[in-house]
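Visitor: Could you walk me through reading this fold, one feature at a time?

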Amino acid sequence: MSGRLHTYIVEDNVTIRENLVGTLEELTPVSAVGYAETETDARQWLRDHRGDWQLAIVDLFLKEGSGLGVLNACRERKPQQKVVVLSNYATPDIRRRCAQLGVDAVFDKSNEIDALVDYCLWQSQQPTAH
């Protein structure tokens with residue numbers, strides 16, 4: 001793999017976030033470039049670091065605000081910047097709402113972590129990822 005996939009994590013549960021980062025950095029070329037626990041912090045970081053990330057992984061339920069607000073803030077990202085949702089609530093309605101907000105993929109925390117790993121591996125091999 002030729003480069004790291006600079007990834008921003010929006011997850012308010014410290015244990016989940018640390019396990020997610022550890023898993024992705026071990027199994028994929030993901031490199032976590034930052035994280036937020038609230039919608040406000042995530043929106044601010046994304047605004048201040050527009051070109052510093054290639055993948056954002058967003059949970060929908062946060063300590064403050066909502067991941068949906070973060071997704072809305074990502075709507076004007078560059079085409080090579082990808083946004084995925086990782087949630088315990090990946091219902092058909094949530095998946096539809098995420099698609100309306102331009103999300104590239106939705107993964108269920110309980111049973112789709114392998115699919116997220118596969119997505120990160122695939123994304124890191126795309127020519128626009130670096």
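Guide: Let's start with Glu-11, which is buried at a relative accessible area of 3%; buried means under 20% relative accessible area, exposed over 50%, and partly exposed in between, with a 1.4 Å probe and protein chains only. Keep in mind that this is a predicted model, where local features need pLDDT of at least 70, side-chain atom pairs count only at pLDDT 80 or more, and totals for chains, interfaces and linings use all residues. Residues are numbered from 1 along each chain as its sequence is written, and side-chain values use heavy atoms, with hydrogens and water left out.

Visitor: Where does Glu-11 lie, and with which side chain does its own side chain make a polar contact?

Guide: Glu-11 is in the loop between β1 and α1; helices (H or I, at least four residues) and strands (E, at least two) are DSSP runs, numbered from the N terminus. A polar contact is a pair of N or O atoms within 3.5 Å; within protein, one must be able to donate a hydrogen and the other to accept it, and residues adjacent in sequence count only if both atoms are side-chain atoms. Here the partner is the side chain of Lys-109, at 2.8 Å. Contact means heavy atoms within 4.5 Å, and leaving out residues up to four places away in sequence, Glu-11 touches Ile-16, Arg-17, Ala-36, Glu-37, Asp-59, Leu-62 and Lys-109.

Visitor: Now the sheet: what is the strand order?

Guide: Two strands pair if DSSP finds at least two bridges between them. This is an open sheet of five strands, in the order β2-β1-β3-β4-β5, with parallel pairing. β2 and β5 are the edge strands, each pairing on one side only. On average, neighbouring strands are turned by 25° against each other, direction ignored; axes are lines fitted to C-alpha atoms, for helices over the stretch in contact, and angles run from 0 to 180 degrees between N-to-C directions. α1 packs on this sheet, touching β1, β2, β3 and β4, and its direction makes about 165° with that of β2.

Visitor: How many of the residues of β4 are buried?

Guide: Six of the six, so β4 is largely enclosed by the rest of the structure. Lys-82, Val-84 and Leu-86 sit on one side, with Val-83, Val-85 and Ser-87 on the other.

Visitor: And helices: how do I spot a buried face?

Guide: An α-helix has 3.6 residues a turn, so residues three or four places apart point the same way. In α5, the buried residues are Leu-116, Val-117, Tyr-119, Cys-120, Gln-123 and Ser-124. Down the axis of α5 they fall within an arc of 160°, so they line one face of the helix; the arc is that of the directions from the helix axis to the C-beta atoms. They pack against β1, α1, β2, β3, β4 and β5.

Visitor: Which residues of α2 are buried?

Guide: Glu-39, Ala-42, Trp-45 and Leu-46. Their arc is within 135°, so they line one face of α2, packing against β1, β2 and α3.
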